[in-house]
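The following paragraphs go through one protein chain, from its overall form down to single residues. Please keep the sequence and the model in view while reading.

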Amino acid sequence: MNLQRLKANWIVPVDRLPIENGLIEIVDGFITTVRATEPYEVATDLGDVAILPGLVNAHTHLEFSLVEQPFQPALPFTGWIRSLVAYRRQEFTPTSTVQRDALSAGVTEAELSGTTLLGEIATLGWGEDALPTHCPSIIAFRELIGLRPESVELQLELAEEWLARGGHSKRVTYGLSPHAPYSVFPELLQRSVELATRFDAPVAMHLAETREELEFLSDGRGPFVEMLMSFGAWPEGGLPTGRRPLDILRVLADAPRALVVHGNYLADDEIEFIAARPQMSVVFCPRTHEFFRHEPHPWRKLLAHGANVALGTDGRGSNPDLSLWKELVFLRERFPDVAPSTLLELGTLAGARALGCEHDCGTITPGKRADLIAVSLRGNGDPLEEVLTADSKIMRTFGRERLPPSRGGEHA
Ligand SMILES: [Zn+2]
């Protein structure tokens, strides 16, 4: 048995009020006790820091982790996609190691900035063997792309092969990501959700991301159609029109967990639809949202309706780094009227819930994994007020180096 005791000026469990002069006891990587320290208790004293749950970055594309600057132009969005596709074609050749190097660099960057759980969109070439020994827990959603009806079977074969890997993994949970309404044939979406349900796997999909996507769904026109035609990806028989994100949400709602990535342009009835379904979450990517100069994001409206809102960095193709902490500091600066405790919950528990891991992590609670971070304080009082500032620092990430994820029932 490996017993550890950590002491700090503050512990911020997230599911209850901060504890001054707190102590956390950890046995074999799992939290057993959280309380105030008794005088003269022996423990590793981290001093003037706040211990928080590890951060949850619910949406990334780690294959772009070696990109130094986000792709340009940010607008139009289809121009940005063209740059991304050009990068993939140039860098991800059969002999190149860029994708694997990027995966390794990305998880390390995420961990150093306090992330202990990642929602990752995985493409061809993604492999657990490229992960460093010390790394956050990962939910890897296999990207499925196919707008032509003839691509459906092949994509589903890849999807099933992917989900079957889950049975052999202690490090990664496998899910599916039918990419977006403009890149996934309706039957592929429907059947990938059915497949995920059969494997009890989570599903993530980019949805309601741009105004152009809404136009694409309703009228079957606009810049996406032009782009897809130029890629030779447009189906001969066209696609159904008269649709909206709500039609997609109805399909996603059947998945065991569904992550609506972005949701920048969700309508009120769509917000209500998500809020009424605890298995559904929206992943808001604040700095990526800013990069694309979108209209204000409805995250506070979602929260007011009781929806689960997680946070993500998205990939380095649209964000300068993979720091979920910086997303929180960004939100704190932009929305000073939102309580810091609310923001912290978005970056921890809400992310864990979105990814189906709320029983394993997301708060500092006995029984959960000891996924923790230590953040510098300046000793001025309320740790919640102090902790989310531009000059606060993640001093340490305590993550899964000591422990495998608890899924699969093995806690060895
Ligand atoms: Zn994305």
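Domain bounds, as used here, come from an automatic or database domain assignment. For this chain, the assignment gives domain 1 (3-52 + 364-402) and domain 2 (55-354). The model is a predicted one.

The overall form comes before the details. The chain has 14 helices and 15 strands. Its radius of gyration is 21 Å, close to the 22 Å that the globule rule gives for 412 residues, so the chain is as compact as a globular protein of that length. Along the principal axes, the C-alpha atoms fill a box of roughly 75 × 45 × 40 Å. Of the 412 residues, 47% count as buried. Among contacts with a separation of 6 or more, 73% are between residues 24 or more positions apart.

How far apart are the centres of domain 1 and domain 2? Taken over C-alpha atoms, the separation of the two centres is 31 Å. At the boundary, 17 residues of domain 1 are in contact with 22 residues of domain 2. On the side of domain 1 that touches domain 2, the elements that give two or more residues are α14 (383-387) and β15 (394-398). The largest share of that side, three residues, comes from α14. By class, the side of domain 1 that touches domain 2 has nine nonpolar, three polar and five charged residues.

The interior can be taken next. In soluble globular proteins, nonpolar side chains tend to be buried together. The largest nonpolar core of this chain has 113 residues, and those with the most contacts inside it are Ala50, Ile51, Leu252, Val260 and Val283. Strand β8 (residues 137-144) gives the most to this core, with five residues. Both domain 1 (3-52 + 364-402) and domain 2 (55-354) give residues to the core, so it lies between them. For Ile51, leaving aside neighbours within four places in sequence, the contacts are Leu6, Ala8, Ile11, Val12, Ile24, Leu46, Ile364, Leu372 and Ala374.

Eight of the eight residues of β8 are buried, so the strand is largely enclosed by the rest of the structure. In a regular strand the side chains alternate between the two faces of the sheet. In β8, Ser137, Ile139, Phe141 and Glu143 point one way, while Ile138, Ala140, Arg142 and Leu144 point the other way, and all are buried. Which strands pair with β8? Strand β7 (residues 115-122) pairs with β8 in the parallel sense over six bridges, and Glu120 stands opposite Ala140 in β8. Strand β9 (residues 172-178) also pairs with β8 in the parallel sense, over seven bridges, and Ile139 stands opposite Thr173 in β9.

From there the reader can move to helix α4 (residues 186-198), where Ala196 is found. Is Ala196 buried or exposed? The cut-off for a buried residue is 20 or more other C-beta atoms within 10 Å of its own. Ala196 has 27 within that distance and is therefore buried. Leaving aside neighbours within four places in sequence, Ala196 is in contact with Gly175, Leu176, Ala201, Val203, Ala255 and Pro256. The C-alpha atoms of Ala196 and Glu160, 36 residues apart along the chain, are separated by 8.6 Å.

What remains is backbone geometry. Most residues other than glycine have a negative phi, and most peptide bonds are trans. Asp200, in the loop between α4 and β10 (203-207), has a positive phi of about 50° although it is not a glycine. With 13 C-beta neighbours inside 10 Å, Asp200 counts as partly exposed. Tyr40, in the loop between β3 (30-36) and β4 (44-45), has a phi near 65°, also a positive value in a residue other than glycine. Tyr40 has 5 other C-beta atoms within 10 Å and is exposed.

Where is Pro73 placed? Pro73 lies in the loop between β6 (55-60) and α1 (77-91), and a cis peptide bond with omega of about -5° joins Gln72 to Pro73. Pro76 is likewise in the loop between β6 and α1. The bond that joins Leu75 and Pro76 is a cis peptide bond, with omega of about -5°.

Note on methods. Residues are numbered from 1 along each chain as its sequence is written. This is a predicted model: local features need pLDDT of at least 70, side-chain atom pairs count only at pLDDT 80 or more; totals for chains, interfaces and linings use all residues. Helices (H or I, at least four residues) and strands (E, at least two) are DSSP runs, numbered from the N terminus. The radius of gyration is taken over C-alpha atoms; the globule rule is 2.2 Å times the number of residues to the power 0.38. A residue is buried if 20 or more other C-beta atoms lie within 10 Å of its own, exposed if 12 or fewer, and partly exposed in between; C-beta atoms are placed from the backbone. Two residues are in contact if their C-beta atoms, placed from the backbone, lie within 7 Å. A nonpolar core is a set of buried Ala, Val, Leu, Ile, Met, Phe, Trp, Tyr and Cys residues joined through C-beta atoms within 7 Å. Ala, Val, Leu, Ile, Met, Phe, Trp, Tyr, Cys and Pro count as nonpolar, Asp, Glu, Lys and Arg as charged, and the others, Gly among them, as polar. Two strands pair if DSSP finds at least two bridges between them.
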